[in-house]
Amino acid sequence: MMRIPIGFGATHNKRNGSGDRVLFVYLVKQQNPDTVCFVDNCYGEFVADQEPPAVGADLIAGSLIKNPGGTIVAAGGYVAGRADLVEAATCRLTAPGIGSAGGATFDQNRLLFQGLFLAPQMVGEAMKGNHLTAYVFDQLGYPVNPLPLAPRRDVIQAIRLGSPEKVIAFCHAIQQYSPIGSYLSPVPAEMPGYESELVMAGGTFIDGSTSEFSADGPLREPYVVFCQGGTHWTHVAIALEAAIEAIGPARLGA
């Protein structure tokens, strides 16, 4: 099996676009046609006009508190792709022989389907917010990834702020304009899966949701903050005004 990530995680590197994934799948299948190409599709659903299976991926998976949950699903994930691989994955989740015939839905089937219905609209609003974020901070002199109006493959916008103080101030401003916990002040802390302390603004209705507007960044060089999601771009715009006031323009050489 080959795992192909869709985003860059806590780095400032270029993402894998659909053309890159086509090339990856082609190269892998040329070496061994039986190799399973698995795409971690988190943050990528409904952003492009094709999902990974349309360009050759055998299996994809993602989180329902991200794009496909439409901001209203409280928990869960999904797998999709080749039927035999999906069934094999569900057998690991439940038990061999039970597979997709059983499993917990937490009595949330209505929210699961409603969230999926709402998801493309929510992703569209997040994309508007991402383009706005990239444009504004590019104009202020900060390196951004992706660049303003560049093609995108997920709902993450990275801004290289250049100092831990600015990362903390940025997240504090976003938290102040969040619908939940706006009175809280984000502080750096250790988090499983990260090599360094992380500061996070996450005042969302669904705990841990990154379909709703949030921001976080690891406190290490080059001090990049990552913005995700957004239920409507106007909320993103209001929060960005506070963030700009908090950190100001980039200094030359930052």
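This is a predicted model: local features need pLDDT of at least 70, side-chain atom pairs count only at pLDDT 80 or more; totals for chains, interfaces and linings use all residues.
The model contains an open sheet of four strands, ordered 1-2-3-4 with mixed pairing. Strands of a sheet pair through backbone hydrogen bonds, either parallel or antiparallel. Strand 2 (residues 37-40) and strand 3 (residues 59-63) run parallel and are joined by three bridges. Within strand 3, Leu59 stands opposite Phe38. Helix 2 lies across strand 3 and strand 4, and runs at about 150° to strand 4.

The largest pocket has a volume of about 770 Å³. It is lined by 25 residues, of which Leu64, Gly77, Tyr78, Thr105 and Leu112 are the closest to its centre. Strand 4 (77-81), helix 2 (83-93) and helix 3 (109-139) are the elements that give two or more residues to this lining. By class, the lining of the largest pocket comprises 14 nonpolar and eleven polar residues, with no charged residues.

With a threshold of 30 Å³ or more, one cavity is counted. The largest cavity holds about 50 Å³ of space. Its lining is formed by Asn67, Thr71, Ala119, Met122, Val123, Ala126, Val155, Thr210, Ser211 and Gly229. Five of the residues lining the largest cavity are nonpolar and five are polar, and none is charged.

Notes: Residues are numbered from 1 along each chain as its sequence is written. Side-chain values use heavy atoms; hydrogens and water are left out. On a 1 Å grid over the protein atoms alone, a cavity is a set of points where a 1.4 Å probe fits but cannot get out, and a pocket is an open set with protein on both sides within 12 Å along at least five of seven lines; lining residues have an atom within 4 Å of a point. Grid points are joined across faces, edges and corners, and a volume is the space filled by probe spheres set on the points. Ala, Val, Leu, Ile, Met, Phe, Trp, Tyr, Cys and Pro count as nonpolar, Asp, Glu, Lys and Arg as charged, and the others, Gly among them, as polar. Two strands pair if DSSP finds at least two bridges between them. Contact means heavy atoms within 4.5 Å. Axes are lines fitted to C-alpha atoms, for helices over the stretch in contact, and angles run from 0 to 180 degrees between N-to-C directions.
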